[in-house]
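Visitor: Please show me the sequence and the structure. I would then like to ask about some contacts and helix pairs.

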Amino acid sequence: IDDYNAMFPGEGRKNFSARDNDAFHAYYMDVALKELATALENLIEPCGEKHKRIIWKFFSEYKEELSKHFQYEEEVVFPYVESVLDHTEKEGFTINQYEENHSNVDEKLGDLKNIVMKYLPRECDGQQINNVLMNLYSFEKDLEKHTIIEDEILVPVVNRLEYHEKQ
């Protein structure tokens with residue numbers, strides 16, 4: 001897409017907002033992670049304190065990392081994208097800086113899956129393990145799609161718009 005108008009024909013720009021991603025972020029934090037937390041709580045209930053601490057610490061750290069990731073996007077990246085779309089681009093930041101520092105928040109989910117599959121004691125219920133793994137797989141796939149949208153659509157489009165603004 002070489003032209004802003006081609007990206008948003010007609011009234012399309014009025015209906016588009018980089019802040020639409022905020023709704024996805026809210027869903028991940030308020031719904032998907034809560035469902036995963038509940039499944040993890042049910043899973044680790046019969047486990048010893050050591051296993052409970054390990055799982056819960058790992059999950060809590062992941063949740064905090066994801067929250068910081070989303071906060072950065074909502075406070076820095078999305079306002080910048082909106083400024084580019086509105087032709088009021090702010091100096092001192094580019095979409096390439098975001099792309100270079102875009103952390104892959106779905107990798108730690110793989111680590112959590114491995115912990116659940118390989119290191120939990122036998123007293124953990126097999127059905128609960130399956131429930132947690134299904135939650136993890138679903139959440140991971142959803143985050144992968146979210147990352148693809150950001151990396152393969154948002155970044156290239158904003159990159160082109162930045163380039164055309166400088167021409």
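Guide: Contact here means heavy atoms within 4.5 Å. This is a predicted model, in which local features need pLDDT of at least 70 and side-chain atom pairs count only at pLDDT 80 or more, while totals for chains, interfaces and linings use all residues. Residues are numbered from 1 along each chain as its sequence is written, and side-chain values use heavy atoms, with hydrogens and water left out.

Visitor: Leaving aside its neighbours within four places in sequence, which residues is cysteine 47 in contact with?

Guide: Cysteine 47 sits in the loop between α3 (20-44) and α4; helices (H or I, at least four residues) and strands (E, at least two) are DSSP runs, numbered from the N terminus. With a relative accessible area of 6%, cysteine 47 is buried (buried means under 20% relative accessible area, exposed over 50%, partly exposed in between, with a 1.4 Å probe and protein chains only). Neighbours within four places in sequence aside, its contacts are Lys52, Pro121, Glu123 and Cys124.

Visitor: How many Å apart in space are cysteine 47 and cysteine 124, C-alpha to C-alpha?

Guide: Cysteine 124 is among the contacts of cysteine 47. In sequence the two cysteines are 77 residues apart; in space, C-alpha to C-alpha, the separation is 6.3 Å.

Visitor: What is the N to O distance in the salt bridge of glutamate 61 and lysine 57?

Guide: Glutamate 61 and lysine 57 are also placed in helix α4, four residues apart, about one turn of the helix. Glutamate 61 is partly exposed, with a relative accessible area of 37%, and lysine 57 is exposed at 52%. From N to O, their side chains are separated by 2.5 Å.

Visitor: How many residues apart in sequence are the parts that lysine 108 and glutamate 65 tie together?

Guide: The side chains of lysine 108 and glutamate 65 form a salt bridge of 3.2 Å, N to O. Lysine 108 belongs to helix α6 (residues 107-118) and glutamate 65 to helix α4, so the pair ties together parts whose separation in sequence is 43 residues.

Visitor: Are α4 and α7 roughly parallel or roughly antiparallel to each other?

Guide: Two packed helices are described by the angle between their axes and the distance between the axes. Axes are lines fitted to C-alpha atoms, for helices over the stretch in contact, and angles run from 0 to 180 degrees between N-to-C directions. For helix α4 (residues 49-85) and helix α7 (residues 126-166), the axes come within 12 Å and cross at roughly 25 degrees. Angles under 35 degrees count as roughly parallel, over 145 as roughly antiparallel, 65 to 115 as roughly perpendicular and the rest as oblique, and α4 and α7 are therefore roughly parallel.

Visitor: Are α6 and α7 roughly parallel or roughly antiparallel to each other?

Guide: The axes of α6 and α7 are 10 Å apart, and the packing angle is about 165 degrees. By that angle, α6 and α7 are therefore roughly antiparallel.

Visitor: What is the phi of histidine 87?

Guide: Most residues other than glycine have a negative phi. Histidine 87 lies in the loop between α4 and α5 (95-101) and is partly exposed at 42% relative accessibility. Although histidine 87 is not a glycine, its phi is positive, at about 60 degrees.

Note on methods:
Salt bridge = Lys/Arg side-chain N within 4 Å of Asp/Glu carboxyl O.
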